[in-house]
Amino acid sequence: MSDAPLLECKGVSKAFGAVQALHRVDFEIRRGEVMALVGDNGAGKSTLIKGIAGIHPFDEGEIYFDGERVNIHGPRDAAKLGIEVVFQDLALADNLDVVGNMFLGRERTRWGFVLDESSMENAAQETMEGLSVTSLRSVRQTVAGLSGGQRQAVAVAKSVMWNSLELILDEPTAALGVAQTRQVLDLVRRLAEKDLGVVIISHNLHDIFEVADRITVLRLGQRVALLERSKTTQEEVVHAITAGALDHVPGMADAGADGG
Amino acid sequence: MTESGGEMDPGLDVAPASEPVAVQEALEAPAESLSEYLSRWWLKVRAGDLGSLPIVVGLVIIAVVFGVLNDNFFGERNFTNLLLQMAAVSTMAIGIVFVLLIGEIDLSVGFVSGVGAVVMTLLLRPDDPGWPWWAAIGVALALTTLIGFGQALIITKAGVPSFVVTLAGYLIWSGVVLVLTTQFTTTGTIRIQDPTVVGIANDFLSPLWGWIVGGFVVVGYALSQLQTARSRRSSGLIAKPLPLLGLQIVGLAVVTFAGVSYANQDRGVPTVTVILGVALVFWSFVASRTRFGRHVYAVGGNAEASRRAGISVDRLRIAVFMIAGFMAGVGGIVLASRLRSVATNTGGGSLLLNVIAAAVIGGTSLFGGSGRVVSALLGALVITSIQNGMDLLGLASGTKFVITGFVLLGAVLVDALSKRSRSARGVA
């Protein structure tokens, strides 16, 4: 294993019009590590992961993957590197079945255009079983008929199936009950044990202290802390989220745009 | 190989895919029984996934009502008439199904078909310029496809809703039809004299060819269904129960051969029915079996998710509007061929409404993401047979519009209610 982090962002910035959503943020994730990404609403968590995923590419800054400089201009670039994101809205097409969703955009085909349904169905089923997802009746069910926890499982399985090296989970437990939260957190640990780099965004500090190895805290578009889980407390994290020291003091316009 | 047994849960029994399986064994692979399949289907219906059920019920009602009210409705002559009458609407509705699947609308297809028909007719005029039929048709289809492309470019790149862009197209192309037809004639009507083009919707297969084509359809369907079932079984996946497969194949055979025999008692199977059949099979295949088709459904279901999955949503939308333009062109040519002429109102009247109504009545959702290509055919069959039946009864135009309107309303209500029932159960 190389010493270089799996993914490293150096000084990435992103502005939407007058709003500076990210300002020269450093971020890194190692193999086999669960990195929590926390911050208040509007701190730039979503912008950071959307930049890494290529959905809204960064305006400036450098990205290194496995120590090599890479450019991520679109979702395909990120997918090629093995970066997968499970968004809070899960990005599932309700009218397609589980198989259709898991292979969306990357369908297996014969002769380049005819869907190879049998092969996809088998792979989907194997992945679901590999993740111990047992509550699903059939991978041919349409997603519209699934429960919240099942949908989350489908979305995670979809990402895992692509032999991804880095998985980003956006609020994976936000809509789940106690038992299903437990299952997802177990899943997160299992993914890290498989030597993936896992980034988990959450507002739930209890969840984070249970699964994360390190914690990155964002505030007003800047990184204000990088903490080791074993050497910190929930109080310290909360303090960083609400009052972490900013390197760059936002100007009046910026502060106004952030809404205070 | 997993032991054969109909009791297994579909989600749990997985045979190793790599294991080589002989055909004989494959046929004994786990499959649900007919009764299980039917009960699962009934469950889906109750959950609001109605499929083709409403349309089949509707067709039966129409057949009974008009059959009782008028003796001619089931006559051989009227049967072939029906096949001729529904061809143009079905063809164009196939294109509209694709547009509806991605959650858009195309209001211009009526007059776009008119433009295609008029341009073809003008190019065919003897000695002026007297183009061969294939060149005239080719240019007409290329033109209507290009119109679809142009409109889609504005919809995707400028972000203007398709409703408005194609509404503008509706006006523009109706004007173009009017200008072209009045420019070259004083009467406003241009006759088509090319025998091949006139033959498209006026020729019939000989009885023998009718049987051959019918046999081809049945054998082709049976082979494709059996091949699908066999490949699923050999991969250890659940497949349709064999008895049901047999029932479906026999059912199709009965309907097809009864149709051929009935048509042969009159003038024979119309050539245009074969053209429609080819279009139907081709576009059904594209929609349900290809990567492109999967993406069409995905964009209709969740455009943002599709974009994140790396699908080029704009390119797909453009392709879909080009399909609609192309199929509008085909429909326009069929219509012009049937009437043996084009006129100032070609592509106008209630054509557009019938086309969209056919797609919707057939079960294609206006909300996007749900529907099948074959629904274009079924919906066109409903619309055409209602109008045909009312013609036989000698009803006034006004009455016909009112009744057609209520049928459309009923179809949309079924769609909306079943969707509500689906989401009520889905997001429980």
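Trainee: At what angle do helix α4 (residues 76-101) of chain B and helix α11 (residues 271-289) of chain B pack, and how far apart are their axes?

Mentor: This is a predicted model. In it, α4(B) and α11(B) pack at about 25°, and their axes are 9 Å apart. Angles under 35 degrees count as roughly parallel, so α4(B) is roughly parallel to α11(B).

Trainee: What is the hand of the crossing of α4(B) and α11(B)?

Mentor: The crossing is left-handed. On the α4(B) side the contact is made by Leu83(B), Leu84(B), Ala87(B), Ser90(B), Thr91(B) and Ile94(B). From α11(B) come Val272(B), Thr273(B), Leu276(B), Ala279(B), Leu280(B) and Trp283(B). By class, the residues of this contact are nine nonpolar, three polar and no charged.

Trainee: At what angle do the axes of helix α3 (residues 53-69) of chain B and helix α16 (residues 374-393) of chain B cross?

Mentor: They cross at roughly 15°, and the axes come within 10 Å. Therefore α3(B) is roughly parallel to α16(B). The crossing of α3(B) and α16(B) is left-handed.

Trainee: Which residues of α3(B) and α16(B) meet?

Mentor: From α3(B), the residues are Ile55(B), Gly58(B), Leu59(B), Ile62(B), Phe66(B) and Leu69(B). They meet Leu378(B), Leu381(B), Val382(B), Ser385(B), Ile386(B), Gly389(B) and Leu393(B) in α16(B). The contact of α3(B) with α16(B) divides into ten nonpolar, three polar and no charged residues.

Trainee: How many helices and strands are there in chain B, and what percentage of its residues are buried?

Mentor: Chain B has 17 helices and two strands. Of its 428 residues, 43% are buried. As for sequence separation, take the contacts in chain B between residues at least 6 apart: 80% of them join residues at least 24 apart.

Trainee: Which residues is Ser113(B) in contact with, leaving aside its neighbours within four places in sequence?

Mentor: The partners of Ser113(B) are Met92(B), Ala328(B), Gly329(B), Gly331(B), Gly332(B), Leu335(B) and Gly347(B). For Met92(B), the separation from Ser113(B) is 21 residues in sequence and 8.4 Å in space, C-alpha to C-alpha.

Trainee: Turning to chain A, which residues lie on each side of strand β6 (residues 83-86), and are they buried or exposed?

Mentor: Ile83(A) and Val85(A) are on one side, Glu84(A) and Val86(A) on the other, and all are buried.

Trainee: How many bridges join β6(A) to strand β9 (residues 166-170) of chain A, and which residue does Glu84(A) stand opposite?

Mentor: Four bridges join β6(A) and β9(A), and the two strands run parallel. Glu84(A) stands opposite Leu167(A) in β9(A).

How values were computed:
Residues numbered from 1 in each chain as written. Chains lettered and ligands numbered in written order. Predicted model: local features only at pLDDT ≥ 70, side-chain atom pairs only at ≥ 80, totals over all residues. Axes fitted to C-alpha atoms, helices over the stretch in contact; angles between N-to-C directions. Parallel < 35°, antiparallel > 145°, perpendicular 65-115°, else oblique. Left-handed = near helix turned anticlockwise from the far one by under 90°. Contact = placed C-beta atoms within 7 Å. Nonpolar A, V, L, I, M, F, W, Y, C, P; charged D, E, K, R; others polar. Buried ≥ 20, exposed ≤ 12 C-beta atoms within 10 Å, placed from the backbone. Pairing = 2+ DSSP bridges.
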